[in-house]
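Please look at the sequence and the model before reading on.

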Amino acid sequence: MLILCIVLFFTIQILVLFCCAAAGNDPVSQAISDQEQMEFLQNWRESHNVKIK
């Protein structure tokens with residue numbers, strides 16, 4: 001029973017690992033994330049009156 005639980009645990013961990021790896025390799029979602037980060041930084045600079053040299 002203990003061996004079955006250990007095997008099940010590692011199987012689920014491997015599934016999660018592959019899902020995360022697959023999600024991280026999507027160039028479209030990465031581009032969207034980059035765009036959102038740039039917009040956030042721009043809004044933050046405007047709200048805090050920070051000027052880029």
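## Surface

Accessible areas come from the Shrake-Rupley method with a 1.4 Å probe; for residues, only the protein chains shown count as cover. The accessible surface of the chain is about 5,200 Å², and carbon and sulfur atoms hold 70% of that area.

The model is predicted: local features need pLDDT of at least 70, side-chain atom pairs count only at pLDDT 80 or more, and totals for chains, interfaces and linings use all residues. Residues are numbered from 1 along each chain as its sequence is written, and side-chain values use heavy atoms, with hydrogens and water left out.

## Overall form

The chain has 2 helices and 0 strands (DSSP runs numbered from the N terminus: H or I of at least four residues for helices, E of at least two for strands). The radius of gyration of the chain is 20 Å, whereas a compact globule of 53 residues would have one near 10 Å; the value is taken over C-alpha atoms, and the globule rule is 2.2 Å times the number of residues to the power 0.38. Along the principal axes, the C-alpha atoms fill a box of roughly 60 × 25 × 15 Å.

Buried residues make up 0% of the 53 (buried is under 20% relative accessible area, exposed over 50%, partly exposed in between, with a 1.4 Å probe and protein chains only).

## Residue M38

M38 lies in helix α2, residues 27-47. M38 counts as exposed because its relative accessibility is 53%.
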